[in-house]
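Let's walk through this protein together, from its overall plan down to a few individual residues. Keep the structure open beside you as you read.

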Amino acid sequence: VSQGMFGFNANGTGVKSTTGNAELNNEKMPIKEVFTDFAVSAPWYFHSLADTKTDFNFMHPQKGEKLSCFCRVLNTETNGEFILISDSLAKNTAFETISKIIGIK
């Protein structure tokens, strides 16, 4: 992706909301897709809405990584945005829960 967004397959376990939405939390849900902001740059801003624990070792070799499985990417100049949600999360979460988090009515 030209703006540096990375998405890839992963062996994630569990979902934890980063916005305090307890309805989204699920300790056992398998997550197979994750997103990172390793190279996202201005005017784009990456905001994770939920993370999953993976077996990747990019930053913490002994611990595994928490990576985003649900995120908002905002253009701070235009206020345009897009939402990325892993297929695993979308298939196992009620639309009402997802729509409340991202503000769809």
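From the N terminus on, the elements follow the order β-β-β-β-β-α-α, which gives five strands and two helices in total. Please keep in mind that this is a predicted model. The protein has 105 residues, and 40% of them count as buried. If you take the contacts between residues at least 6 apart in sequence, 56% of them join residues at least 24 apart.

Let's go inside. In soluble globular proteins, nonpolar side chains tend to be buried together. Here the largest nonpolar core has 15 residues, and the members that touch the most other members are Val15, Leu24, Ile31, Phe70 and Leu89. Which elements give two or more residues to this core? They are strand 1 (6-17), strand 2 (26-36), strand 3 (44-53), strand 4 (66-75) and helix 2 (95-102). There is also a second, separate core of five residues, with Phe46, Cys71, Val73 and Leu84 among them.

Leaving aside its neighbours within four places in sequence, valine 15 has contacts with Leu24, Asn25, Asn26, Met29, Ile31, Ala50, Asp51, Cys69 and Leu89.

Serine 68 sits in strand 4, and its relative accessibility is 3%, so serine 68 counts as buried, the cut-off being under 20%. What does the side chain of serine 68 meet there? It makes a polar contact of 3.0 Å with the side chain of serine 48. The side chain of serine 68 also reaches the backbone oxygen of alanine 50, at 3.4 Å. Not counting residues up to four places away in sequence, serine 68 touches Val34, Phe35, Phe46, Ser48, Leu49, Ala50 and Asp51.

Now turn to helix 2, where Thr97, Ile98, Ser99, Ile101 and Ile102 are buried. The cover over the buried residues of helix 2 includes strand 3, strand 4 and strand 5 (81-85). Look at threonine 97, which belongs to this helix: its relative accessible area is 8%, and because buried means under 20%, threonine 97 falls in that class. Beyond residues up to four places away in sequence, threonine 97 touches Asn21, Glu23 and Leu24. Just after helix 2 comes glycine 103, with a positive phi of about 80°.

Next, the surface. Rolling a probe the size of a water molecule over the atoms shows where empty space is left. The largest pocket has a volume of about 180 Å³. Its lining is made up of Thr13, Gly14, Val15, Lys16, Asn25, Asn26, Glu27, Asp51, Thr52, Lys53 and Lys66. Strand 1, strand 2 and strand 3 each supply at least two residues of this lining, and strand 1 gives the most, with four residues. How does the lining divide by class? There are five charged, five polar and one nonpolar residues.

Is lysine 53 buried or partly exposed? With a relative accessible area of 38%, lysine 53 is partly exposed, because that class lies between the 20% and 50% cut-offs. Not counting residues up to four places away in sequence, lysine 53 touches Asn11, Gly12, Thr13, Gly14, Lys63, Gly64, Glu65 and Lys66. Lysine 63 is ten residues away from lysine 53 along the chain, and their C-alpha atoms are separated by 9.5 Å.

Proline 43 lies in the loop between strand 2 and strand 3, and a cis peptide bond, with omega about 15°, joins alanine 42 to proline 43. In the loop between strand 4 and strand 5 you will find asparagine 79. Its phi is near 65°, a positive value in a residue other than glycine. Asparagine 79 has 59% relative accessibility, so it counts as exposed, the cut-off being over 50%.

Terms used:
Residues are numbered from 1 along each chain as its sequence is written. This is a predicted model: local features need pLDDT of at least 70, side-chain atom pairs count only at pLDDT 80 or more; totals for chains, interfaces and linings use all residues. Side-chain values use heavy atoms; hydrogens and water are left out. A nonpolar core is a set of buried Ala, Val, Leu, Ile, Met, Phe, Trp, Tyr and Cys residues joined through side-chain atoms within 4.5 Å. Buried means under 20% relative accessible area, exposed over 50%, partly exposed in between (1.4 Å probe, protein chains only). Contact means heavy atoms within 4.5 Å. A polar contact is a pair of N or O atoms within 3.5 Å; within protein, one must be able to donate a hydrogen and the other to accept it, and residues adjacent in sequence count only if both atoms are side-chain atoms. On a 1 Å grid over the protein atoms alone, a cavity is a set of points where a 1.4 Å probe fits but cannot get out, and a pocket is an open set with protein on both sides within 12 Å along at least five of seven lines; lining residues have an atom within 4 Å of a point. Grid points are joined across faces, edges and corners, and a volume is the space filled by probe spheres set on the points. Ala, Val, Leu, Ile, Met, Phe, Trp, Tyr, Cys and Pro count as nonpolar, Asp, Glu, Lys and Arg as charged, and the others, Gly among them, as polar.
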